[in-house]
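Here is a short note for someone opening this structure for the first time. Please keep the sequence and the view at hand while reading the points.

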Amino acid sequence: LKLTNVLSGTISISGQKKWIDQNNKYGTRPDKIALEIMKRIDDEDAEIYKEITVSSSDSWQFILNNLPKYNEDGREYTYSVNEKSDLGNYDSNVSPVEGSGDNKSVIITNQLKTPDSITVPLKVNKVLTGENAPALQSGQFGFEFAYTDPSGNNISSVVYNGLDSDY
């Protein structure tokens, strides 16, 4: 009679997707994303264990129960998560799968990229009225513009004769 002692057990992984994009202010957030749940043993190459979809209808959360904790030789698996979806407008960061005991968690954060510069068409009509209107010589012009950047910062500038000014 030969007896073999093999470790067995399961774990759970819960996950949450966080968006840093001013509550989708610019409408760039997708309706769903694809994730790969990866597993590996020690320093071996990771393999895809399962692919899942997470969406706004799931409140960007998921839970996976009954994932195998050990392989057939009793060696413990390490799990990780990869974001499979290409989100060109976002920088992505996936935390390590961590937790105590058999309950693990992961957070996937996507932050809207802020462009280095933007170009927008600008139509300007010059209207000078009232006593406090600046005294400009013939052929001169001046205006002030203001906008809010994607991070919510208010930006304003004064321009005279088409050149930025510190006025």
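1. A word on terms: contact means heavy atoms within 4.5 Å. The model is predicted.

2. Start with Leu35. Leaving out residues up to four places away in sequence, Leu35 touches Lys50, Glu51, Ile52, Val54, Phe62, Val81, Asn82, Glu83, Lys84 and Ile108.

3. Next, the nonpolar core. The largest one has 22 residues. Ile13, Leu35 and Phe62 have the most contacts inside it. At least two residues each come from β1 (10-20), β2, β3, β4 (61-68), β5 and β7 (103-112). With four residues, β2 gives the most to this core.

4. Now the three-stranded sheet. It is open, antiparallel and ordered β3-β2-β5. The edges are β3 (47-55) and β5 (77-83); each has a single partner strand, so one side of each is left without a neighbour in the sheet. From one strand to the next, the twist averages 25°.

5. Look at one pairing here. β2 (residues 32-41) and β5 run antiparallel and are joined by seven bridges. Glu36 has Asn82 in β5 as its bridge partner.

6. The other sheet to inspect has four strands. It is open, with mixed pairing, in the order β4-β1-β7-β6. β4 and β6 (90-94) stand at its edges with a single partner strand each, so one side of each lacks a neighbour in the sheet. Neighbouring strands are turned by 20° against each other on average, direction ignored.

7. Finish at β6 and β7. Five bridges join these antiparallel strands. Asp91 stands opposite Gln111 in β7.

Conventions. Residues are numbered from 1 along each chain as its sequence is written. This is a predicted model: local features need pLDDT of at least 70, side-chain atom pairs count only at pLDDT 80 or more; totals for chains, interfaces and linings use all residues. Side-chain values use heavy atoms; hydrogens and water are left out. Two strands pair if DSSP finds at least two bridges between them. Axes are lines fitted to C-alpha atoms, for helices over the stretch in contact, and angles run from 0 to 180 degrees between N-to-C directions. A nonpolar core is a set of buried Ala, Val, Leu, Ile, Met, Phe, Trp, Tyr and Cys residues joined through side-chain atoms within 4.5 Å. Buried means under 20% relative accessible area, exposed over 50%, partly exposed in between (1.4 Å probe, protein chains only).
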